[in-house]
Amino acid sequence: MAEPLRPFRLRGCGSPQKFGVAAGSLRGLLRKGCRLLQLPLAGSRLCLYEDGTELTESYFRALPPQTELVLLGPGESWRGCASDIERLLAAFCSQQGAVVEAARRLLTDERAPRRQKLLADLIHNLSENILAEDKEDDKKWFEGLESRFKNKSSYLRHSCESRMRGYMREVTGFISNVHPAARDAYRGIIDLMADKLKSVKYNGCYFDRREEEEAARLCTAEGWFSCQGPFDRDDCPCKHSINPYSNRESRILFSTWNLDHIIEKKRAVVPELAEAVKTRDGREVNWEYFYQLLFTLDNLKLVHIACHKKTNHNLSCDKSRIYRKRKQTQEIS
């Protein structure tokens, strides 16, 4: 007795078009599918769209009606939904303009809120102008900024410099908490740090795409920045990433990201520096160690605002590095 016909949704590998095909056996469905999609029967096979599982006759009989299947010709493979995603990403790279236009057309008729949001985000992200550096090549990116900024790197360098200057102001402002007898020494260390910062242009090179060797420490040559997560984790749990060079919205959003001191600036580093100056007792304060903690990536993580922990990190300075041996000059006889 022939098996009753059951309906399935069938598509070819790499094609979004789906066909309704009814069959009572795997062999019958394979034969109809090959005829419909003009594939040779020899070497062809059927698999689940969802995960790429290849069908057997017994597996086929257990499938519910309307299961989505993929017909594979000789030499073709299917890894499930991931295969569609791979093709989608490839289309973004090779036909970005066409993808944006297609998404805009879909958006005009779309009524489902979640799909509207996905399409709007897609259009926004694919409309980026990441490679443009100069103002005349991406005028929209510079809207709202002072006219003195002529390229993207110059503005992002300025933003980084502003953060570093702010950290220096905090270190300088702490002088009222330093023991009066140690304030001159504390001012001397501040001067050394300020000179060091000026010599490296307040570390603005981290945001200069033209200085790729330095910039690569924090971002790729294309300007992508990844959230480095809370201080007590290896990775950002939400996988936040951003490219402030891409468009105006990303540039504004990036300004909300924080440079998080792992060993905290206010609770640990600056008070420890003040204490070291006060109790140095003839020893030389290792100001370069404190400089690294305050102003460099040795102690700074770039984090999305949601990953910036405001609670106490409970980390302290390395006591063995607070002082250093004075350089001794030997007299040559």
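Reader: Is Glu284 buried, partly exposed or exposed, and what is its relative accessible area?

Author: In this predicted model, Glu284 has a relative accessible area of 24%. Buried means under 20% and exposed over 50%, so Glu284 counts as partly exposed.

Reader: Which side chain does Glu284 meet in a salt bridge?

Author: Here is the general idea first. Side chains of opposite charge can pair when their charged atoms come close. In this structure, Glu284 pairs with Arg324, at 3.3 Å from N to O. The two belong to distant parts of the chain, 40 residues apart: Glu284 is in strand β8 (residues 284-285) and Arg324 in strand β10. Arg324 is partly exposed too, with a relative accessible area of 29%.

Reader: What is the N to O distance in the salt bridge between Glu288 and Arg324?

Author: That one is 3.0 Å. Glu288 sits in helix α11 (residues 287-295) and Arg324 in strand β10, so this bridge ties together parts that are 36 residues apart in sequence. Glu288 is partly exposed, at 35% relative accessible area.

Reader: Where do Lys319 and Glu272 lie?

Author: Their salt bridge has its closest N and O atoms 3.0 Å apart. Lys319 is in the loop between β9 (300-303) and β10 (323-324), while Glu272 is in helix α10 (residues 265-278), so the pair joins parts 47 residues apart in sequence. Lys319 is exposed, at 57% relative accessibility, whereas Glu272 is buried, at 16%.

Key: Residues are numbered from 1 along each chain as its sequence is written. This is a predicted model: local features need pLDDT of at least 70, side-chain atom pairs count only at pLDDT 80 or more; totals for chains, interfaces and linings use all residues. Side-chain values use heavy atoms; hydrogens and water are left out. A salt bridge is a side-chain nitrogen of Lys or Arg within 4 Å of a carboxyl oxygen of Asp or Glu. Helices (H or I, at least four residues) and strands (E, at least two) are DSSP runs, numbered from the N terminus. Buried means under 20% relative accessible area, exposed over 50%, partly exposed in between (1.4 Å probe, protein chains only).
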